[in-house]
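Colleague: I have a few quick things to ask about this one. Can you put it up?

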Amino acid sequence: MEDRRAILVVDDDPGTLRSVKRLLREHGYDSILFSSAESFQKHDDFEHALCIVLDINLNDESGIEVRHRLKDAGIALPVIYITANDNHATRMAAIESGCIAYLTKPFSAKSLIEPIQKISAGLA
């Protein structure tokens, strides 16, 4: 079986992308970074990905809408949402769209790595 350790990370904040990439690398995961929903839409290799870390408030689109499009296209990768703008309505929409975790920035390393480890172990 192929190693499915690449994490797709979509966030329009360069600092967040760098931090998440570093954290994932420290825990043995490769990452593929996208700075916009538009750049992520051009990606077509989902078979080698473990999951998607997806910012909800992207400059060019809602991460929740991106998730719905993926679902509609038959792409069922687990999603971990991250957001700096937490509110009840957004949280409920994120959960309803299907996610394995919803993290508010700034989030702890453990809160990001634990759900990824569960996915790796086939428990999520």
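Modeller: Here it is; bear in mind that this is a predicted model.

Colleague: R69 first. Which residue does R69 form a salt bridge with?

Modeller: R69 pairs with E61, and their closest N and O atoms are 2.4 Å apart.

Colleague: How many salt bridges does the structure hold?

Modeller: Five. One of them joins D11 to K105, with 2.8 Å between the closest N and O atoms.

Colleague: Which parts does the D11 and K105 pair tie together?

Modeller: D11 sits in the loop between β1 (6-10) and α1 (14-26), and K105 in the loop between β5 (101-104) and α5 (109-120), so the bridge ties parts that are 94 residues apart in sequence. D11 is buried, with a relative accessible area of 0%.

Colleague: Which residues are linked with D11 in a network of salt bridges?

Modeller: D55 and K105.

Colleague: And what does E114 form a salt bridge with?

Modeller: With K110, the closest N and O atoms being 3.7 Å apart. Both residues are in helix α5, four residues apart, which is about one turn of the helix. E114 is partly exposed at 37% relative accessible area, whereas K110 counts as exposed at 56%.

Colleague: Changing topic to the sheet. What order do the strands have?

Modeller: The order is β2-β1-β3-β4-β5, in an open sheet of five strands with parallel pairing. β2 (30-34) and β5 stand at the edges with a single partner strand each, so one side of each has no neighbour in the sheet. From one strand to the next, the twist averages 20°.

Colleague: How many bridges join β3 to β4?

Modeller: Four bridges join β3 (residues 49-55) to β4 (residues 79-83), and the two strands run parallel. L54 has Y81 in β4 as its bridge partner.

Colleague: Which strands does helix α3 touch?

Modeller: Helix α3 (residues 63-72) packs on the sheet and touches β3 and β4, its direction making about 145° with that of β3. Helix α5 packs on the sheet too, touching β1, β3, β4 and β5, at about 150° to the direction of β3.

Colleague: Back to L54. What does L54 touch?

Modeller: Leaving out residues up to four places away in sequence, L54 touches V10, G63, V66, R67, V79, I80, Y81 and I82.

Colleague: Which residues touch the most other members in the largest nonpolar core?

Modeller: L8, F40, I52, L54 and Y81, in a core of 20 residues. The elements giving two or more residues to this core are β1, α2 (37-41), β3, α3 and β4.

Colleague: What does the second core include?

Modeller: The second core is separate and has 18 residues, including I7, C51, I80 and L112. In soluble globular proteins, nonpolar side chains tend to be buried together.

Colleague: Last one, R22. Where is the place of R22?

Modeller: R22 is in helix α1, and at 41% relative accessibility R22 counts as partly exposed.

Colleague: What separates the C-alpha atoms of R22 and A101?

Modeller: 20 Å, for two residues that are 79 residues apart along the chain.

Key
Residues are numbered from 1 along each chain as its sequence is written. This is a predicted model: local features need pLDDT of at least 70, side-chain atom pairs count only at pLDDT 80 or more; totals for chains, interfaces and linings use all residues. Side-chain values use heavy atoms; hydrogens and water are left out. A salt bridge is a side-chain nitrogen of Lys or Arg within 4 Å of a carboxyl oxygen of Asp or Glu. Buried means under 20% relative accessible area, exposed over 50%, partly exposed in between (1.4 Å probe, protein chains only). Two strands pair if DSSP finds at least two bridges between them. Axes are lines fitted to C-alpha atoms, for helices over the stretch in contact, and angles run from 0 to 180 degrees between N-to-C directions. Contact means heavy atoms within 4.5 Å. A nonpolar core is a set of buried Ala, Val, Leu, Ile, Met, Phe, Trp, Tyr and Cys residues joined through side-chain atoms within 4.5 Å.
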